Amino acid sequence: MVNENAQLYTIEGISASILMLVTTFLVISSSSIVTPQETHITDMQLEQLGHDALLVLNTPLENGTSSILYQCIRDDPPSHPGLNAAFNANFTQLLNTRIFSGNDTLHFKVQLYYRDQSSGEIKPPIDFTSDGVGYFRENAVKVTQWVKMGSDVSDSDLQDKIILVEALIWRS
Amino acid sequence: MAKLNEDGQWIVMMGFIISIIIFILAIIVAESALVGKTTSESVLEFPKTDIQDLRSLIFQLKSNDWDDIVNQNYKEDIQVLFFDRKNAIVSYHNDSRVLYIHYNNGITSYNEMHEEQY
């Protein structure tokens with residue numbers, strides 16, 4: 001003899017179990033992509049720090065003199081060894097100095113872009129300086145400065161041109 | 001029909017209310033992460049420093065008594081480098097003492113008319 005009491009509870013139990021099964025199926029079958037939300041914030045801070053550092057170097061210390069960046073490009077030998085020591089030291093100090101002990105771990109690679117005025121094309125970039133650490137697809141930002149070169153440059157390719165100084169900066 | 005127990009309805013209602021509150025709070029928390037992302041994205045996207053650097057360069061050229069502004073070599077240097085390396089179209093020219101600067105990178109456009117006061 002089957003007891004016919006509490007049929008409402010039975011129906012409730014069955015519908016609840018179906019609901020739970022459907023929910024689990026939906027959760028398991030849906031693919032979720034997790035993107036880190038805060039990478040843009042660190043990129044933004046890195047870009048502003050790098051632009052400030054490069055701008056400081058592109059600002060003359062006194063009226064009528066030329067900036068550190070200009071002097072470094074002017075005195076860079078045309079053989080382009082890819083390591084301008086004076087600029088490297090200044091840029092490293094501006095980027096990596098902390099208030100207290102120890103240094104930050106920002107790395108950079110700086111290249112110069114200029115246009116060949118006879119052909120009108122952009123020449124392959126000059127490796128200006130880097131801190132010797134390879135770039136292996138870390139999160140990097142690019143900051144730039146413009147420099148108007150005079151006729152006193154040791155590299156005749158850069159004479160009387162407006163060149164673009166491009167620095168790739170990343171943290172590792 | 002089974003007789004349902006009607007005791008404890010207050011407790012059930014409070015459970016409902018609290019679960020709804022937790023749901024709304026979860027939505028707010030999820031939104032706040034998005035807000036930080038979109039804000040920093042728009043800061044990265046807006047070419048503030050590009051425009052500032054272009055202005056400063058052009059005003060540096062202008063300091064040499066308009067000679068460098070009309071220098072076609074300098075202008076092509078700036079235009080080609082901006083087009084190739086910064087993905088933007090720029091232009092500038094002067095009409096006697098008035099200097100015009102134009103910048104457009106497809107998203108942001110900037111136009112300026114600067115009149116020199118002697």
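Which helices and strands each supply at least two residues of the lining of the largest pocket? They are α2 and β3 of chain A, together with α1 (9-45) and α2 (48-62) of chain B. Before going on, please note that this is a predicted model.

Let me stay with that pocket. Its space comes to about 690 Å³. The lining has 26 residues, and the closest to the centre are Glu47(A), Lys142(A), Leu44(B), Thr49(B) and Asp50(B). The largest share of the lining comes from α2(A), with six residues. Sorted by class, the lining holds ten nonpolar, seven polar and nine charged residues.

Next, the second largest pocket. It has about 360 Å³ of space and a lining of 16 residues. Nearest its centre lie Asn58(A), Pro60(A), Ser67(A), Trp146(A) and Gln60(B). Here β3 of chain A and α2 of chain B each supply at least two lining residues. The element that gives the most is α2(B), with five residues. By class, this lining divides into six nonpolar, eight polar and two charged residues.

Now the contact between the chains. How many residues does the contact take from chain A and from chain B? It takes 29 from chain A and 32 from chain B. The size of an interface is often given as the accessible area lost when the parts come together. For chain A and chain B, about 2800 Å² is buried between them, and 63% of that is on carbon and sulfur atoms. On the chain A side, Arg115(A), Trp146(A) and Ile162(A) lose the most area to chain B, and together they make up 26% of what that side buries.

The structure holds one cavity of 30 Å³ or more. The volume of the largest cavity is about 40 Å³. Its lining consists of Ile73(A), Asp76(A), Pro77(A), His80(A), Leu112(A), Ile126(A), Asp155(A) and Leu158(A). Five of these lining residues are nonpolar, one is polar and two are charged.

Last, the sheet in chain A. Strands of a sheet pair through backbone hydrogen bonds, either parallel or antiparallel. In this open sheet of four strands the pairing is antiparallel, and the order is β2-β1-β4-β3. Why is one side of β2 and of β3 left without a neighbour in the sheet? Strands β2 (126-130) and β3 (140-148) of chain A stand at the edges, each with a single partner strand, so one side of each has no neighbour there. On average, neighbouring strands of the sheet are turned by 20° against each other, direction ignored.

As for one pair of strands, β1 (residues 106-113) and β4 (residues 162-171) of chain A are joined by eight bridges in the antiparallel sense. In that pair, Lys109(A) is placed opposite Leu168(A) of β4(A).

Two helices of chain A pack on this sheet. One is α2 (residues 39-57), which touches β1, β3 and β4 of chain A and has a direction at about 25° to that of β3(A). Another is α4 (residues 85-96), which touches β1, β2 and β4 of chain A, with its direction at about 135° to that of β1(A).

Conventions: Residues are numbered from 1 along each chain as its sequence is written. Chains are lettered from A and ligands numbered from 1 in the order in which they are written. This is a predicted model: local features need pLDDT of at least 70, side-chain atom pairs count only at pLDDT 80 or more; totals for chains, interfaces and linings use all residues. Side-chain values use heavy atoms; hydrogens and water are left out. Two strands pair if DSSP finds at least two bridges between them. Axes are lines fitted to C-alpha atoms, for helices over the stretch in contact, and angles run from 0 to 180 degrees between N-to-C directions. Contact means heavy atoms within 4.5 Å. On a 1 Å grid over the protein atoms alone, a cavity is a set of points where a 1.4 Å probe fits but cannot get out, and a pocket is an open set with protein on both sides within 12 Å along at least five of seven lines; lining residues have an atom within 4 Å of a point. Grid points are joined across faces, edges and corners, and a volume is the space filled by probe spheres set on the points. Ala, Val, Leu, Ile, Met, Phe, Trp, Tyr, Cys and Pro count as nonpolar, Asp, Glu, Lys and Arg as charged, and the others, Gly among them, as polar. Buried area is the accessible area (1.4 Å probe) that two parts lose on being put together, summed over both.
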